[in-house]
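Hello,

I am handing this structure over to you. Please look through it first; my notes on what was found follow below.

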Amino acid sequence: MKKLLLLLLSVFVLVSCSDEIPEEKIPLKSGRTLLAYLISNNNSGSLDKYLKDNLVDMYSGLSQTTDSCTLIVYYRPYNNDNDGLAGPSLLQYNSDGKGNINNKKSLQGSDLTPSNVISEAYCSTYTEGNHNATDPKTMARVLDQMVKLSPSTNYGLVFGSHGTSWMPGNSVSGRAFGDDAGYNINIPDMADALEEVFSGKQLDFILFDACMMGTVEVAYELKDVTDYLIGAVVETHVYGLPYDIILPKLYEKDVPYNEVCEEYIKYSKKLNAWGTCAAVDCSKMDDLAEWAGANLETYSEKMSSLDVDNIQQYGVSSFKYFSFDVVDFFKSLNDGNTPDGLQDIINNVVIAADALYGVKYAIVGNSLYTIEKGRFCGIGMYFPYKVSKSSWNTYYETLSWYKAVGWDRFKTSLSSN
């Protein structure tokens, strides 16, 4: 792969793209810088319009902040973008906390359009216009440049694109995360890229504005690079999150994760869509893995006869059975009762959760797949071998969660049923 060359702007004096990298060292900022990594160059359903709308909402939310703060957006557009992007670009917005962004009064009302918001950014465009945004080396390089543009004591990171959780890219009908002209990144590779960039830095949270990322497999893979993970265990609607409302909350020292989840669900309800949202404390994932590993052994004789259709699950169509509610899974093994100790651990792991329940809010309009109240704990888990998807099961064996809970102990017994 060609070596990626990045053309950066000085955030202080440049207003158009330059081939000069600033030599002066930018001082370390106190407080959180928010980064957003948005990929709209999709083969499997265009997200460009919706991600552009998200960008506008992020800008609007930034204008409402009451402290100085920075938002840096990586946007990977289609070729021949109509809103002013010459190619994959970094867009930087600095708010003074008084309604001004990049030293200008922030756009309001009918002026809030994608092209106007893009034109207001300090913009850095990549010379290699067709680079693959999901390539691990490219992702690490881009994120590193974003961090260098705004050295801060801590960061929050939003990923916006398509997603298919822990499942392998290019082996199923979707992606693990991202879709850049059909290319994807698997979650372990993403974890490595994030570790390369944020090792020794404070990454407070990762927010996935992408389908089906709220699973134990994803959270466990990312537990060593971020404190918290925010996401949905079901497919997400194309409109994303209400960033004009939640963005100021994401800059608070103690992020009100319950409010972030509630606002997404209220927004989804207004759209008459569907939705789940949860925030996971990744530092507690080892506790959940230890409990799950011990109790899989306890219920090992019941697993073979367990009817997966009686468990609250989260996948539709080709993703059917990719993930089951963790608590409901173990309740099904324990005659409908929550096993001792599980709820306490889940309460520590899932620190906020909300959902739209019942057939009125069926997932992707499919009445067979709804969220039942009392059966949603906020996080899902795959049931390997019992689900006869050979490509999934083979890949699943490579994941950290699989190894941590010891699923290999049950491969023979579950595969024979």
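A salt bridge here is a side-chain nitrogen of Lys or Arg within 4 Å of a carboxyl oxygen of Asp or Glu. The model is a predicted one, in which local features need pLDDT of at least 70 and side-chain atom pairs count only at pLDDT 80 or more, while totals for chains, interfaces and linings use all residues. Residues are numbered from 1 along each chain as its sequence is written, and side-chain values use heavy atoms, with hydrogens and water left out.

Salt bridges

Side chains of opposite charge can pair when their charged atoms come close. Searching the whole structure gives 17 salt bridges. One of them joins Asp83 to Lys52, with 2.9 Å from N to O. Asp83 is in the loop between strand 2 (69-76) and strand 3 (89-95) and Lys52 is in helix 1 (residues 48-63), so this pair ties together parts 31 residues apart in sequence. (Helices, H or I with at least four residues, and strands, E with at least two, are DSSP runs numbered from the N terminus.)

Is Lys52 buried or exposed? Lys52 counts as buried, because its relative accessibility is 2%. Asp83 is partly exposed at 22% relative accessible area. The terms are set as follows: buried is under 20% relative accessible area, exposed is over 50%, and partly exposed is in between, with a 1.4 Å probe and protein chains only.

A second salt bridge is formed by Glu120 and Lys104, whose closest N and O atoms are 3.1 Å apart. Glu120 lies in the loop between helix 2 (114-119) and strand 6 (122-125), and Lys104 in strand 5 (residues 104-105), so parts 16 residues apart in sequence are tied together. Glu120 counts as buried at 15% relative accessibility, and Lys104 as partly exposed at 45%.

Arg375 and Asp328 also meet through their side chains in a salt bridge (2.6 Å, N to O). This pair links distant parts of the chain, 47 residues apart: Arg375 is in the loop between strand 14 (350-355) and strand 15 (380-381), and Asp328 is in helix 10 (residues 326-333). With a relative accessibility of 21%, Arg375 counts as partly exposed; Asp328, at 5%, counts as buried.

Aromatic rings

Rings of Phe, Tyr and Trp (its six-membered ring) pair if their centres lie within 6.5 Å; planes under 30 degrees apart count as stacked, over 60 as edge-to-face and the rest as tilted. The count comes to 22 aromatic pairs by this rule. Tyr74 and Tyr126 make an edge-to-face pair, 6.1 Å centre to centre with 85° between the planes. Tyr74 belongs to strand 2 and Tyr126 to the loop between strand 6 and helix 3 (136-149), 52 residues apart. Tyr74 is buried at 0% relative accessibility, and Tyr126 is buried at 3%.

Tyr396 and Tyr402 are paired edge-to-face too, at 5.8 Å centre to centre and 90° between the planes. Tyr396 and Tyr402 are buried. One aromatic cluster is formed by Trp291, Phe329, Phe330, Phe383, Trp407 and Phe410.

Charges over rings

A charge sits over a ring if NZ of Lys or CZ of Arg is within 6 Å of the ring centre and within 35 degrees of the ring normal. Lys389 has its charged end over the ring of Trp392, 4.6 Å from the centre. Lys223 lies over the face of Tyr220, at 5.0 Å from the ring centre.

Regards
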